[in-house]
Amino acid sequence: MTRKGTAMRWGTYASPADGGVHPGLLDDGMTFGLTGTGTLAELLGDDGTLLREAARRALDDPFEVVPEFETDLLAPVPAPPSVRLAATTAAVDVRGPFDAVPATVPDLGCRLEVGAIIGRPDGTVAGYTLLGVWSSGAAEFAVTMGPHLVTPDELDGPVRAAITVNDEPRAEGVLDDLGGVFAPIIAAAARAAALAPGTVVGSGELCRAALAPDDEVVLRADALGVLDHRLTAEPA
């Protein structure tokens, strides 16, 4: 089995077979696990050859095949070298696309961004993902990320994004030109510090919502997927 073209959607998931964490390629509604103990970040750093070769191996000889709706996804890059956001470059708690978010802080809010996952130190983008940036007042304390790393050639046209809270539409936004938006942001980030492969750079706010404990918050963009989080009063 081989995949035509270079468009890809990669995730990182907890395996039901061995309990380990593996990169997985999403194809036709199934996650094709990559054999071995390497990480998705280790498939970055070149011109995309490593990702393409890994996709071939995953499809031709998968570690396992899991239906997409049964895949226990983590953040695509669970431990990025850094997360660069407009308000801060400080370390934040990185969580997966369906993890609970603690609502133990006052003045809780979330903004939706697109994240660019850096592929090479020159700032080349390996792929894009959704970001939920969680804050208490002006202080950011967590980022949720996922569900996949979507390679640039998988995207066509504007990215339309929305936040739903308890099944009610709360906010929406659009990013018309990914490349044009990210070029100056990535250039500025690279001037501040070296961009290691796997670094995540945020686009800036597309939309935001104020939140309360026990809210069910869904962040979505048709081109990138869905993040779905319950706000819990207990630290998670």
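Strands β2 and β3 form a hairpin with two residues between them, and aspartate 28 in the turn has a positive phi of about 55°. Strands here are DSSP runs of E with at least two residues, helices are runs of H or I with at least four residues, and both are numbered from the N terminus. The structure is a predicted model, in which local features need pLDDT of at least 70, side-chain atom pairs count only at pLDDT 80 or more, and totals for chains, interfaces and linings use all residues. Residues are numbered from 1 along each chain as its sequence is written, and side-chain values use heavy atoms, with hydrogens and water left out.

Four bridges join β2 to strand β3 (residues 30–33), and these strands run antiparallel; two strands count as paired if DSSP finds at least two bridges between them. The bridge partner of aspartate 27 in β3 is methionine 30. Strand β2 (residues 21–27) is also joined to strand β1 (residues 9–14), by five bridges and again in antiparallel fashion. In this pairing alanine 14 stands opposite valine 21 of β2. Six residues lie between β1 and β2, which form a hairpin, and glycine 19 in its turn has a positive phi of about 75°. Six of the seven residues of β2 are buried, which leaves the strand mostly covered. Buried means under 20% relative accessible area, exposed means over 50%, and partly exposed lies in between (1.4 Å probe, protein chains only).

The protein contains two helices and 17 strands. The C-alpha trace spans about 50 × 40 × 30 Å along the principal axes. Buried residues account for 50% of the 236 residues. The protein exposes about 10,500 Å², of which carbon and sulfur atoms supply 52%; areas come from the Shrake-Rupley method with a 1.4 Å probe, and for residues only the protein chains shown count as cover. Of the contacts (heavy atoms within 4.5 Å) between residues at least 6 apart in sequence, 68% join residues at least 24 apart.

An open sheet of five strands has the order β8-β17-β16-β12-β13, and its pairing is mixed. The edges are formed by β8 (101–102) and β13 (168–175), each with a single partner strand, so one side of each is left without a neighbour in the sheet. Within this order, strand β12 (residues 159–165) and strand β16 (residues 216–221) run antiparallel and are joined by five bridges. Threonine 164 stands opposite valine 218 in β16. The loop between β16 and β17 (225–232) holds alanine 223, which counts as partly exposed at 22% relative accessibility. Alanine 223 touches Arg9, Val150 and Leu155, leaving aside residues up to four places away in sequence. Its C-alpha atom is separated by 22 Å from that of arginine 84, 139 residues apart along the chain.

Arginine 111 lies in strand β9 (residues 108–118) and is buried, with a relative accessible area of 9%. Its side chain joins that of glutamate 140 in a polar contact of 2.7 Å. A polar contact is a pair of N or O atoms within 3.5 Å; within protein, one must be able to donate a hydrogen and the other to accept it, and residues adjacent in sequence count only if both atoms are side-chain atoms. Not counting residues up to four places away in sequence, the residues that arginine 111 touches include Leu85, Leu131, Val133, Glu205 and Cys207. Arginine 111 also forms a salt bridge with glutamate 113, the closest N and O atoms being 2.4 Å apart, and both residues are buried.

A salt bridge is a side-chain nitrogen of Lys or Arg within 4 Å of a carboxyl oxygen of Asp or Glu, and by this rule the count comes to nine. One of them joins the side chains of aspartate 93 and arginine 95 (2.7 Å, N to O). Aspartate 93 is partly exposed at a relative accessible area of 33%, whereas arginine 95 counts as buried at 11%. Another joins arginine 120 and aspartate 122 (4.0 Å, N to O). Arginine 120 is partly exposed at 29% relative accessibility, and aspartate 122 is exposed at 57%. Salt bridges that share partners also join Glu53, Arg56 and Asp60 into one network.
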